[in-house]
Amino acid sequence: MKTLVAQTQIGQDGKLHLDLETDLPPGPAEVVVVSQASGVGTQPPFDTLKGIFAGRLPADIDIDADLCQMNAEWERSIEPSPE
């Protein structure tokens, strides 16, 4: 797998057009696109995951804290046991 980075323009129609050379053989390929606005002063639309789910979850849920707790529990579960 290779990561290709290209600068491009998004058209007024919202479509993305890419013309990239690769060293891949002809045939089917899986392509993953990660989009990010570029330019001065741009910032992500949400500072936290809670911003993404604003208004969709009960107000007393702190999704960021819950995910941190779940991650810590997962890390503890994969640490080797002292023998």
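A: Buried means under 20% relative accessible area, exposed means over 50%, and partly exposed lies in between (1.4 Å probe, protein chains only). Phe-53, with a relative accessible area of 34%, is therefore partly exposed. Leu-18, at 45%, also counts as partly exposed. Of the 83 residues of the chain, 1% count as buried.

Q: What kind of model is this, and how are residues numbered?

A: The model is predicted: local features need pLDDT of at least 70, side-chain atom pairs count only at pLDDT 80 or more, and totals for chains, interfaces and linings use all residues. Residues are numbered from 1 along each chain as its sequence is written, and side-chain values use heavy atoms, leaving out hydrogens and water.

Q: How many helices and strands does the chain have?

A: Helices (H or I, at least four residues) and strands (E, at least two) are DSSP runs, numbered from the N terminus. This chain has two helices and zero strands. Leu-18 lies in the segment before helix H1 (49–52), while Phe-53 belongs to the loop between H1 and helix H2 (63–78).

Q: How far apart are the C-alpha atoms of Phe-53 and Ile-63?

A: Their separation is 8.5 Å, and the two residues are 10 apart along the chain.
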